[in-house]
Amino acid sequence: MMQTLASLLRMREEGIPIAALTCYDASFAALLEGAGVDLLLVGDSLGMVIQGKETTLSVSMEDMAYHTKCVAQSSKSAFVMADMPFGSYQENAQKAFSHAAMLLSAGAHMVKIEGGLAMSDTVRFLSERGIPVCAHIGLMPQSVHRLGGYRVQGKTEEEAKRLLGEAAALEQAGAAMLLLEAIPGELAEEITESISIPTIGIGAGSACSGQVLVLYDMLGIYPGKQAKFVKNFMAGASDIGDAVRRYVDEVKSGVFPGPEHTF
Ligand code: KIV
């Protein structure tokens, strides 16, 4: 089945979890959607897992457009979301539009930008001009230096209140999806219940409308330190396709993420 924004929204409404994974090339795009992945995220995590950098900050528009093209080339049924890299959307909404248009031309169906309230005018500008936007809140890897590291967000009452307000404001501005990273499961549940667009969680518990992991983390091939929310699906799997099918089955049945993967 061909996934669209409408079909993903229907999945949220029908309580069918959305299975998403990051993807950076054509071969994996075919394998992942063949194994039942609904949404492929061309993540700027490629700066770390493909380019070997410590952060995502040096990923360029050219990198993102290239990998989006590779994924879109062989993807036939999955919904393709592409990250706007650091520096490509923060300055003003007009520049954000030109860069988002490059990613849509490369084959993305939606772009993802990191940021809460400060990004709501940009979200509005893009979505009013026909570009579907996913807003990424909670732990925002492009803000790693401001956040002082890759830390869980939303742990205090004040932070939780701020994130709930940002989710509402971003939906109001036209965001068609929210990505929630590294926040307590209870807060992710509260956010998901307070809005009507799908939420995709990574380290945000099982109550989100869907789940995403970085492909190289769930295949156990990223040499860096693993976060609590990562599960290696290659353990016990016969091959990569089997590992991805196990991930999809566990997301769909609510087995993953378990309490051990949740803050
Ligand atoms: O770039 C990426 O892989 C992401 C994940 C953290 C979801 O945005």
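Which backbone atom lies 2.7 Å from a polar atom of the side chain of serine 7?

Mentor: It is the backbone nitrogen of threonine 4. A polar contact is a pair of N or O atoms within 3.5 Å; within protein, one must be able to donate a hydrogen and the other to accept it, and residues adjacent in sequence count only if both atoms are side-chain atoms. This is a predicted model, in which local features need pLDDT of at least 70 and side-chain atom pairs count only at pLDDT 80 or more, while totals for chains, interfaces and linings use all residues. Residues are numbered from 1 along each chain as its sequence is written, and side-chain values use heavy atoms, without hydrogens and water.

Serine 7 belongs to helix H1, residues 5-14; helices (H or I, at least four residues) and strands (E, at least two) are DSSP runs numbered from the N terminus. Its relative accessibility is 3%, so serine 7 is buried (under 20% relative accessible area, with exposed over 50% and partly exposed in between, for a 1.4 Å probe and protein chains only). Beyond its neighbours within four places in sequence, serine 7 has contact (heavy atoms within 4.5 Å) with Met1 and Met2.

Strands pair if DSSP finds at least two bridges between them: E3 (residues 79-83) runs parallel to E4 and is joined to it by 3 bridges, and E5 (residues 133-138) pairs with E4 in the parallel sense over 4 bridges. Aspartate 83 stands opposite lysine 112, and histidine 136 in E5 stands opposite glutamate 114.
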